[in-house]
Structure formats: structure tokens, C-alpha cells
Amino acid sequence: MSKINILGDVHCHTLASVHAFSTIRENIDGANRKGLKLLAITDHGIGANDAPPLSYFRNLKSLPKYVDGLRLLKGVEANIMDLEGNLDLPDSILKTLDIVVVSFHASCVKHGTKEDHTRAYLVLAKNPYVHIMGHSGTPEFEYDLDVVIPAWRDAGKYIEINAHTFVTRKKSIENCKTIALACKKYQAPIVVNSDSHHEFEIGDVSKALELLEEIDFPKELIKNASLDWIKSFD
């Protein structure tokens, strides 16, 4: 059993993402079964084929702040739509959300060079509405870790270590280890998320934590293992 206790899961999907299988209520129940204190709902942005409409993100504000004692964050996994770092949701929506995860998906943008992806991530580091770099270990979207990781650290943003990678993106696992080592080297804060697609995956990040423990990753850099970080959303 891991010595690290994740208190919040800030990347999960609901039926609104179509390829996922659970409702918000079911994900909340899953979070409570795991003893989490915080959960972010981050369905795919409108650039994905299986995404909800823009009106869904406009209406997230109608969700309660707490459900059964669980802090519920309203968010999105926004798609990076080009190699210039443009996203699929307008700033007018992004600024209303508690959590914005940004990810490269091959279904939304064709991969470029290492330099192209580095440039896009540097643009996103300057975006005031972006919080988390999602599952960035995909080999096709390689980037310069020695440039991007410090830039995101200095911008006060977080790099995600994504547990779902160990299920669906196994060719990315070694890259995830390399990214975690770079975060350790540059003292860049991370979040460890399930990227769950059903309620039974919520908070299940054991494989990701095993990887972090293997490299002796500093617990103090894992933001969603910090009660102070969780309380910062109150």
C-alpha cells in the first residue's frame, strides 16, 4: 500500500463525455467511497467528437459547491487544437471554471515536431485560465522537458501524472516516469489523477503512486496529497 494519500481527484469524466460510463452523482459516490475530500468534473471540451455542447460548460455553475461533504469543482479537459496552443473553449467559459486541464489528443490535432509541442506548452504556461497539463507522456507529442517543466513551475501550474495511462496508454508509461523525474529535478508541483471514465476508477491512482515511489518523488510536490491545497478551494 502506498504511503501517499491522495485527497482529491481533479480529472474525471462523466456520461457527458459519451465514452465514459457514470453520472456526476455516481462519480461523487465513488469519491466518497475512496474517502476523497475533493473531486473535479472535467469532461472533454467541445473540440472532441464525443464532447458535450458549450452550453454544458456554461451551466456547470449550477452544480452545488459541496455534495455530501465532498468539495465539487467544475472543470474541463480542454483540447489543445493546434500547435500554437489554442484551446477549444473560449476564455469567457474557461475563466468561470475551477479547474482547466489541457491535453493533446490525436483526434483533435495532428502531432508536429518536438519544437512545435514545446512552443504550444510554453504558450499555455502563460494562459491565466490553465491549471494542469494533462497526460503529456504521449510519445507522438514529445516536448522539451528542460524548457517546459520549469516554465510551468514558474507560472504556478501543475503537471499531471495520469493513472489512466497505465490502463489505456501503456506505451506512455516510460515517458511518464521521465516526466516525473524532470518534475523532481526542477521541483515542479504535480497532481496525480485517475482520469476516470467510470465511478469505480475515481481516486484509483495506485499504479501512478507506485511509479512515484519508485523514483522517491517528494510528497510535498504532490499538490492533491496536501490538505492545505484542498482547503484552498473553500
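These legends describe close-up views of a predicted model.

**View 1. The largest nonpolar core has 63 residues.** Trp152 and Leu212 touch the most other members of this core. Helix α7, residues 173–186, gives the most to it, with six residues. A separate core of 13 residues lies apart from the largest one. Its members include Ile99, Val191, Ile230 and Phe233.

**View 2. Leu212 and its contacts.** Leaving out residues up to four places away in sequence, Leu212 touches Ile161, Ala180, Ile190, Val192, Phe217 and Ile222.

**View 3. Strands β7 and β8 run parallel.** Strand β7 covers residues 158–162, and four bridges join it to β8. Ile161 stands opposite Val192 in β8. Strand β8 spans residues 190–193. Ile190 and Val192 point one way from β8, while Val191 and Asn193 point the other way. All four of these residues are buried.

**View 4. Strand β4 is mostly covered.** One side carries Leu70, Leu72, Lys74, Val76 and Ala78.

**View 5. The parallel partners of β4 include β2 and β5.** Strand β2, residues 38–41, pairs with β4 over four bridges. Here Leu39 stands opposite Leu72 of β4. Strand β5, residues 99–103, pairs with β4 over five bridges. Ala78 has Val102 of β5 as its bridge partner.

**View 6. Strands β3 and β4 form a hairpin.** Strand β3, residues 66–67, runs antiparallel to β4, and two bridges join them. Tyr66 has Arg71 as its bridge partner in β4. Two residues lie between the strands. In the turn, Asp68 has a positive phi of about 55°.

**View 7. Helices α5 and α7 cross in a right-handed sense.** Helix α5 covers residues 145–154. The axes of α5 and α7 come within 10 Å and cross at roughly 55°. The two helices are therefore oblique to each other. From α5, the contact uses Leu145, Asp146, Ile149, Pro150 and Arg153. From α7, it uses Thr178, Ile179, Ala182, Cys183, Lys185 and Tyr186.

**View 8. Helix α4 packs against α5.** Helix α4 spans residues 114–125. The angle between α4 and α5 is about 5°, and their axes are 9 Å apart. These helices are therefore roughly parallel to each other. Thr118, Tyr121, Leu122, Leu124 and Ala125 of α4 make the contact with Val147, Val148, Ala151 and Trp152 of α5.

Terms used: Residues numbered from 1 in each chain as written. Predicted model: local features only at pLDDT ≥ 70, side-chain atom pairs only at ≥ 80, totals over all residues. Heavy atoms only, no water. Core = buried A, V, L, I, M, F, W, Y, C linked by side-chain atoms within 4.5 Å. Buried < 20%, exposed > 50% of the residue type's maximum accessible area, 1.4 Å probe, protein only. Contact = heavy atoms within 4.5 Å. Pairing = 2+ DSSP bridges. Axes fitted to C-alpha atoms, helices over the stretch in contact; angles between N-to-C directions. Parallel < 35°, antiparallel > 145°, perpendicular 65-115°, else oblique. Left-handed = near helix turned anticlockwise from the far one by under 90°.
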